[in-house]
Amino acid sequence: MISKYRQQFNELFSNEKYNNLIEDITSDFDYKPTFRIAETPFFISNELKNQLIEGCNDVIDLIKKENFKQLTEKSLELNGKVPNEDEHTTFLAIDFGICEEDGKIIPKLIEVQGFPSLYNFQYELYGKFKKQYPFLENLTPYIVGLSDEEYSKIIEETICNHLPKENVILLEIEPEKQNTKIDFYYCKRNIGIPIVCVTDIEKIGNKLFYKNESGQQILIKRIYNRVIFDELELRKDLKLNFSFSDNLEVEWAGHPNWFFRISKFILPYLKGPYFIETKLLSELDEIPNDLENYVLKPIFSFSGSGVIFHVKREDVEAISEKELYILQKKVNYIPIVQSPDGKVKAEVRVLCAWSKKASYPTLLCALVRLSRGEMIGVKFNMDKDWVGGTLGLFEKSL
């Protein structure tokens with residue numbers, strides 16, 4: 001997208017540099033990430049950045065509407081409600097496919113999540129790339145001109161809310177088995193909070209406790225929640241000593257209700273140039289005849305699970321819980337990143353943080369996924385190169 005930096009990067013690129021990048025990441029915790037890291041950042045022009053900001057602001061405007069909770073209450077009725085919901089979401093991840101429409105490049109909203117993403121890993125990844133390609137110092141990973149220190153402060157305050165670090169935990173299902181655990185490791189190292197499995201929590205009264213490395217029982221005052229609830233629902237083997245539906249004396253960094261409120265559930269309500277025609281199956285008057293132009297998606301799935309890309313009429317008819325699925329018009333992802341052997345498609349996830357007292361979320365950085373396959377997610381591109389997770393880099397403001 002910024003041709004001079006793309007040309008400069010590709011001229012300097014080598015497999016040796018890429019291997020050094022992966023080894024550098026691996027050496028921090030003697031652990032190699034299980035998801036694929038792409039060979040290159042995505043260089044985002046000011047024009048595309050401004051479009052991404054406009055699209056994000058349109059999404060945020062819907063979320064800030066006075067009737068938003070009323071509008072999304074059905075999502076909680078379908079999935080269960082957790083007490084003590086806060087005024088607004090803590091985290092926001094807004095995914096745009098880089099597409100072509102009427103011969104022009106335009107970002108199109110693919111999905112939006114009121115849930116955290118790889119905030120700590122993205123920060124580290126920029127530094128790793130700069131070691132191999134020092135000229136990247138001329139660019140910034142931050143959308144609104146933050147410094148590294150400002151970014152780190154925002155993330156720490158959003159996660160911890162100024163509470164003692166030992167009383168804040170990162171909560172996950174068997175965190176040592178998660179694909180995203182590299183992000184957990186950086187979070188623990190950089191912020192100083194422990195990583196705790198849901199099965200290691202003890203409930204006493206309406207308070208929660210965990211045991212630290214010395215075996216001491218420590219009160220939990222705030223939970224940085226990384227638990228995906230469709231995964232938790234499937235794990236009938238897990239024995240929890242508490243329930244998310246309990247009336248607990250604890251703060252949430254990422255209240256569970258926002259996982260459901262801000263999801264594919266809201267896509268049908270978004271209208272404008274950056275949004276795709278999307279309908280709930282339960283509100284579909286008739287099944288379109290041109291199903292080859294649509295994708296069928298479960299509302300509350302993660303990482304592309306359950307998505308039907310080549311939709312048939314019987315696929316739609318077979319779904320009994322139609323309020324839990326959407327039919328979304330396909331968009332034309334444009335191959336835009338020049339690799340050594342052709343162009344690659346891109347999807348940009350804008351990561352936002354929304355502190356407790358702020359009236360508006362802060363747009364922070366861009367997690368980018370590159371793809372040669374039909375679907376974008378890293379697990380759909382495992383046997384290819386110049387694909388996978390990476391970061392977006394922007395021109396620095398003068």
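The axes of helix H5, residues 119–132, and helix H6, residues 148–160, come within 11 Å and cross at roughly 165 degrees; axes are lines fitted to C-alpha atoms, for helices over the stretch in contact, with angles from 0 to 180 degrees between N-to-C directions. Helices (H or I, at least four residues) and strands (E, at least two) are DSSP runs, numbered from the N terminus.

Tyr 119, Asn 120 and Tyr 123 in H5 meet Asp 148, Tyr 151, Ser 152, Ile 155 and Ile 159 in H6, where contact means heavy atoms within 4.5 Å.

## The sheet

Four strands, in the order E6-E5-E10-E11, form an open sheet with parallel pairing, and two strands pair if DSSP finds at least two bridges between them. Strand E6 (195–197) and strand E11 (251–253) stand at the edges with a single partner strand each, so one side of each is left without a neighbour in the sheet.

Strand E5 (residues 168–172) pairs with strand E10 (residues 222–225) in the parallel sense over four bridges, and Leu 171 has Asn 225 in E10 as its bridge partner. H6 lies across E5, E10 and E11, running at about 120 degrees to E10.

## Basis of the model

This is a predicted model, in which local features need pLDDT of at least 70 and side-chain atom pairs count only at pLDDT 80 or more, while totals for chains, interfaces and linings use all residues. Residues are numbered from 1 along each chain as its sequence is written, and side-chain values use heavy atoms, with hydrogens and water left out.
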